Amino acid sequence: MRKRALETVYQLAKTNNKVVFIGSDIGAGTMDEFKKDFPDRFFMDGISEQHLIGFAAGLAKNGFIPFLNTIGTFISRRAYEQVLIDVGMHNLPVRLLASGGGLVYANLGPTHTAVEDIALISNVPNFRIFTPADALEMQSILINTLTLPNPIYIRFGKGGEKIVTDVTTEINYNVPKIFSKINAQLIILTYGVLLQNCLEAQETLFNSGINITVIHFPEITYPSMNDFLNKNLTKSKILIVEEHYPEGGLYTIISRYYFENKTSIVRIYQSCLPKIFLVKHGSQSENWKYFGLDSYSIAEKVQSIIYEL
Amino acid sequence: MNYIKLARKIHLDESSIIRRDLILNSIKKSGRGHLTPAFSIVEIIQVVYEIIGNDAKSHNILKDKFILSKGHGCLALYVELFLNGYFEKNHLDDFCTFGSMLGGHPECGETPGIEFSTGSLGHGLPYAVGAAMANKINLSNKKIFVLLGDGELNEGSNWESFLHASKHKLDNLIIIIDYNKFQAGGLISEVLPLEPIISKLASFGIEVQQVNGHNKLEMRKKLNRFKPNGYPKALLAHTIKGKGIDIIENNPSWHHKSKIETYEIDELVGKLHS
């Protein structure tokens, strides 16, 4: 996903001379083509996130569209005040490309796991937050948001994810995607690469005679969220699946929606990460399994909800 | 040259007195503000605005830009903007009151003429480096002036930015440091010493000039001496915190006050003119 994203930024730079790339210190050879073709718009400028975010704001205020890529925690935590003041408060078109969303870097320990990034960034007014499920969707988001005046935070997956979304257009690139089954007994709401696990769980359950619908949010800050939920949350059992703490993520958004808008009785369940420092190490998929976010655990959770086990 | 002595000795001319008078009168209604951090930078801001020709009419065209990174010194900037026709005097009088467009720190988009919102320290310079880089990419020879406090240099982000400005040879970036030797908690030399500041900046690849920050003629000369030679510039302006009124000069209790009575302000105005 990251590879495709950076390739896309290069393609965008070819047609738009305001596109600028900023990286912190993200690996030798990254963006070599960009560097060669547009040296005056390429900045691989070291491990100095506080500076880099302000630097991006200075470029954006003066007409450029900076795409800044580094590890998500260093954007959302290390340089949070710069994100909030320099970019958010000035409502500048800076694109923050956050590598390693969720548990991608679980092996590196809690300094590198971005499990509260959505909570942090969603509390910065003006920001739009995108959570693509695969490289195709990522590409579509980058292309279709190029001229969006807002600041943007995009959460990257690990890379190599199976393509599960369709090609999207300028009209629907950020619209929640519904993967429905007839007579579904439950709706899963999710985003990012966990969509794949949810779709696998959907198939497993289908084979056992249980129908569920899965809804994926490519944009957590989808502007017509309430209208969409009004129309589509038709079941009385909802399960939120996310690679994030419960506080400040999709679980919070949906719970608040129900509290403020729905009068019908509904049960909201969650498969989020527990609010602890995650020190299990190992791979992302091992951690998914441990924390109940792999397809098997999700299917099991759905069964326990439906059968009220 | 003993710049501190020179900064202390220099007499303020009429335009400097007028600016301080306006600052004092603008805090009457709210009874609050950062007086002494504004008084130390009055002449610096006056000179910068003379150079960049930043009057209200030219605001939207490509031009030199000024960023007040030590945002708490905003009273000096507001007065300069008023004198340059950005807004009417009634806005100065409403400083920091409810609904006023002039807050306790500069806000871009709320107050005409503010390039970048500041307040939390260490944000202005990274932004200024980005703005200077934008001019370089656009092959524009316009300059970016950014004014930092000496206490503000406690913030590590500035030192990241020094590295970057030097790497990119941003000779269109002019960093002015208000070296009044005090921060909110007391003397810089006691809280977090900066010396030897000149050799520190020079070692980062920055061309440094020292100046008496209340001597406008000298500042104009020194700023004109900066040439496009591949080095970012720093003007270390030796100033007196609270310059112009002896009872508040170098007096830490006047760094910020939130309950200043009208009679106190009248007293200060009297001393300013005496």
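The sections below describe a predicted model.

## Contact between the chains

Chain A contributes 22 residues to its contact with chain B, and chain B contributes 17 residues. On the side of chain A that touches chain B, α3 (49-61) and α5 (80-89) each supply at least two residues.

## Domains of chain A

Chain A is assigned two stretches as domains: domain 1 covers 2-155 and domain 2 covers 177-306. Taken over C-alpha atoms, the centres of domain 1 and domain 2 of chain A are separated by 27 Å. In the contact between them, domain 1 of chain A takes part with 24 residues and domain 2 of chain A with 28 residues.

On the side of domain 1 of chain A that touches domain 2 of chain A, at least two residues each come from α6 (117-121), β5 (128-130) and α7 (135-144) of chain A. β5(A) gives the largest share of that side, three residues. The class division for this side of domain 1 is 13 nonpolar, seven polar and four charged residues.

## Helix packing in chain A

Two packed helices are described by the angle between their axes and the distance between the axes. Helix α1 (residues 2-15) of chain A and α7(A) cross at roughly 30 degrees, and their axes come within 9 Å. Because angles under 35 degrees count as roughly parallel, α1(A) is roughly parallel to α7(A). The crossing of α1(A) past α7(A) is right-handed. From α1(A), the contact uses A:Arg4, A:Ala5, A:Thr8, A:Val9 and A:Leu12; from α7(A), it uses A:Ala135, A:Met138, A:Gln139, A:Leu142 and A:Ile143. Seven of the residues in this contact of α1(A) with α7(A) are nonpolar, two are polar and one is charged.

Helix α8 (residues 194-207) of chain A packs against helix α12 (residues 295-306) of chain A at an angle of about 55 degrees, and the axes are 8 Å apart. The angle therefore makes α8(A) oblique to α12(A). α8(A) passes α12(A) in a crossing that is right-handed. On α8(A), the residues making the contact are A:Asn197, A:Cys198, A:Glu200, A:Ala201, A:Thr204 and A:Leu205, and on α12(A) they are A:Ser295, A:Ile298, A:Ala299 and A:Val302. By class, the contact of α8(A) with α12(A) has six nonpolar residues, three polar and one charged.

## Backbone features

Most residues other than glycine have a negative phi, and most peptide bonds are trans. A:Asn91 is not a glycine, yet has a positive phi of about 50 degrees. This residue, A:Asn91, sits in the loop between α5 and β4 (95-99) of chain A. A:Asn91 counts as partly exposed because there are 16 C-beta neighbours inside 10 Å.

In chain B, B:Cys96 is a residue other than glycine with a positive phi, near 70 degrees. The loop that holds B:Cys96 runs between α6 (89-93) and α7 (124-137) of chain B. With 19 other C-beta atoms within 10 Å, B:Cys96 is partly exposed, since a residue is buried if 20 or more lie within that distance. The peptide bond joining B:Glu195 and B:Pro196 is cis, with omega about 0 degrees. B:Pro196 is in the loop between α9 (188-191) and α10 (197-203) of chain B.

Methods:
Residues numbered from 1 in each chain as written. Chains lettered and ligands numbered in written order. Predicted model: local features only at pLDDT ≥ 70, side-chain atom pairs only at ≥ 80, totals over all residues. Contact = placed C-beta atoms within 7 Å. Helix = DSSP H or I, 4+ residues; strand = E, 2+ residues; numbered from the N terminus. Domains from an automatic or database assignment. Nonpolar A, V, L, I, M, F, W, Y, C, P; charged D, E, K, R; others polar. Axes fitted to C-alpha atoms, helices over the stretch in contact; angles between N-to-C directions. Parallel < 35°, antiparallel > 145°, perpendicular 65-115°, else oblique. Left-handed = near helix turned anticlockwise from the far one by under 90°. Buried ≥ 20, exposed ≤ 12 C-beta atoms within 10 Å, placed from the backbone.
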